[in-house]
Amino acid sequence: MNNPDIQQLTDQELLQRFKADNNSDWIGVLFDRYALLLLGMCMKYLKNEEDARDAVQQIFLKMLSDINKHEIQFFRAWIYQVTKNYCLMQLRQKHMKYKEEISDKHMSGIAAEEEDKRVYQEKDILLENMEQAMNLLVPEQKVCVQLFYLQKKSYQEIADQTGYSLLQVKSYIQNGKRNLKLLLEKQQRANKS
């Protein structure tokens, strides 16, 4: 499904094609469009790269099973909502586990609700920042970061797929990750001031 014409299809067109023939490749193309943004969103919520990558995989599976249950008008808004809900559920489960471990009966749910509200407000800023940051990466870095972190390809597989040398692939991934972090930190500082 690497046909360039497919990339020209809108989110809605891809959804309609999936609903027409149930070919999950349409959803794969759709998911790839948002996978890096979702990874950034999951990292923001879960504060851990491995947890975030696992979350993106789980969200993809959830999306495949849930997509026919919903009438989706705006895929982007829907997948962000699914991602946010998944991350908040993970945080709640961790929070509940932590509460049980320390068995603190006096801990109030109000703090958690306030935290949730703050997280909701940060969501839009985060998504905007992540999208802008990804678009500021050079194309080679963007491609290599996406293949390595989201599709879990090895350096060799990325080199084979892109035609870059192993050294270039390693460099693009390291520089892309560092640049993404720097761009997001810069945007965060700008938003706070």
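First, the conventions. This is a predicted model, in which local features need pLDDT of at least 70 and side-chain atom pairs count only at pLDDT 80 or more, while totals for chains, interfaces and linings use all residues. Residues are numbered from 1 along each chain as its sequence is written, and side-chain values use heavy atoms, with hydrogens and water left out.

The largest nonpolar core has 50 residues. By nonpolar core I mean a set of buried Ala, Val, Leu, Ile, Met, Phe, Trp, Tyr and Cys residues joined through side-chain atoms within 4.5 Å. Buried is under 20% relative accessible area, exposed is over 50%, and partly exposed is in between, with a 1.4 Å probe and protein chains only. Cys-42, Met-63, Ile-67, Phe-75, Trp-78 and Ile-79 touch the most other members. Helix α3 gives the most to this core, with 15 residues. Helices here are DSSP runs of H or I, at least four residues, and strands are runs of E, at least two, numbered from the N terminus.

Leaving aside neighbours within four places in sequence, Met-63 is in contact (heavy atoms within 4.5 Å) with Ile-27, Phe-31, Phe-75, Trp-78 and Ile-79.

Next, the aromatics. The whole structure has 6 aromatic pairs. Rings of Phe, Tyr and Trp, the last by its six-membered ring, pair if their centres lie within 6.5 Å; planes under 30 degrees apart are stacked, over 60 edge-to-face, and the rest tilted. For Tyr-34 and Phe-75 the centres are 5.7 Å apart and the planes at 50 degrees, so this pair is tilted. Tyr-34 lies in α3 (residues 24–46) and Phe-75 in α5, so the pair ties together parts that are 41 residues apart in sequence.

Where in the structure is Thr-83? Thr-83 sits in helix α5, residues 75–102, and is buried, at 0% relative accessibility. Beyond four places in sequence, Thr-83 is in contact with Leu-38, Met-41, Cys-42 and Ile-59.

Last, helix α2, residues 11–21, whose buried residues are Asp-11, Leu-14, Leu-15 and Phe-18. They cover an arc of only 100 degrees, taken from the directions from the helix axis to the C-beta atoms, and so lie on the same side of α2. The face turned away from that side carries the exposed residues Gln-16 and Ala-20.
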